[in-house]
Amino acid sequence: MRFLRSIQNQNFEDIEIIFVDDFSKDNTIKIIEDCQKKDKRITLIKQKKNKGTLKSRNIGALKAKGEYIIFPDSDDILSNDILKKCYNIAKRYNYDLIRFIFHRKNKNYINRIFFLYDKSIYPPQLLTFVFYSLGFLKVNDFNICNKFINRILFLRTLNNINSFYLNQYMIYFEDGFINYALHRNAKSLYLMKNVGYYYITNKKSITHYVNKNLEIKCFLLYLNFLFEYSKNNDYEKKMVFHLLQAYINNQ
């Protein structure tokens, strides 16, 4: 409910709120259905089996009708002005992607380094900001939840990805997967120094109960995708090798 309130309390009201229930076994559906009765902006998509994060997000995106989309996680909170700020900037300057600060307790010092000022990025530097942020810190940009995305860009990106990958069950590395593809297709990126997203630690979430075999499988799928799509670009190949090294070092 805390998450939903942060969406409903946005000072930009012209939004659609799409929940994709990935075959939950708690009372999530009942909670959302009760909220639907009070807020007509809410749409609930019920899945008959668990399909994983990647496929569930894509199902929600295909249902959306707005100009822009955002993929917040249901454990977290959006600042109440972030959608309006992003929309106004995107419309005024025609940005494909806007990235705002992802605040996480005890880790926001990293974000402060990245976002000392607002900055516009265009090709060919876009992919640098997926793997190296400002080009001098080796920190990978895995998060999709702090991105304000042009919906046409997102749909075009999905259309350019081999359906083999889109049909995989991915609950790990799905953010990095989509981030890479989006930045590869985008014509512009805006780095915003505003905090727009607050990560709330949930000890019951999937990130706290790692299925190591599935994690490795998802990572290998992610790597295979990166190698396939970067095979004609030496710079991108180097980025992929860095990613592999970073993952191995963290194990």
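**Salt bridges, aromatic pairs and a buried helix**

Good morning. I begin with D34, which forms a salt bridge with K37, the closest N and O atoms being 3.8 Å apart. A salt bridge here is a side-chain nitrogen of Lys or Arg within 4 Å of a carboxyl oxygen of Asp or Glu. D34 is partly exposed, with a relative accessible area of 32%, and K37 is exposed, at 63%. For these words, buried means under 20% relative accessible area, exposed means over 50%, and partly exposed lies in between, with a 1.4 Å probe and protein chains only.

Please note that this is a predicted model, in which local features need pLDDT of at least 70 and side-chain atom pairs count only at pLDDT 80 or more, while totals for chains, interfaces and linings use all residues. Residues are numbered from 1 along each chain as its sequence is written, and side-chain values use heavy atoms, with hydrogens and water left out.

How many salt bridges does a search of the whole structure find? The search finds nine. In one of them, the side chains of E33 and K46 meet at 2.7 Å, N to O. This pair links distant parts of the chain, with E33 in helix α2 and K46 in strand β2, 13 residues apart. Helices (H or I, at least four residues) and strands (E, at least two) are DSSP runs, numbered from the N terminus. Both partners are partly exposed, E33 at 30% relative accessibility and K46 at 47%.

Another salt bridge joins the side chains of E67 and K91, at 2.9 Å from N to O. Here too distant parts are linked: E67 sits in the loop between α3 (53–63) and β3, K91 in helix α4, and they are 24 residues apart. E67 is partly exposed, at 41%, as is K91, at 42%. Salt bridges with shared partners also join K30, D34 and K37 into one network.

I turn to the strands. Strand β1 (residues 17–21) and strand β2 (residues 42–46) run parallel and are joined by five bridges; two strands pair if DSSP finds at least two bridges between them. Between β1 and β2 the chain passes through helix α2 (residues 28–36), and this β-α-β crossover is right-handed. That term applies if, with the strands pointing away from the viewer, the path from the first strand over the helix to the second runs clockwise.

Next, the aromatic rings. Rings of Phe, Tyr and Trp (its six-membered ring) pair if their centres lie within 6.5 Å; planes under 30 degrees apart count as stacked, over 60 as edge-to-face and the rest as tilted. The count comes to 17 aromatic pairs. Y68 and Y87 form an edge-to-face pair, 5.9 Å centre to centre and with 90 degrees between the planes. Y68 lies in strand β3 (residues 68–69) and Y87 in helix α4 (residues 82–93), so the pair ties together parts that are 19 residues apart in sequence. Y68 is buried, at 15% relative accessibility, whereas Y87 is partly exposed, at 21%. One aromatic cluster is formed by F164, Y165, F177, Y180, F225 and Y229.
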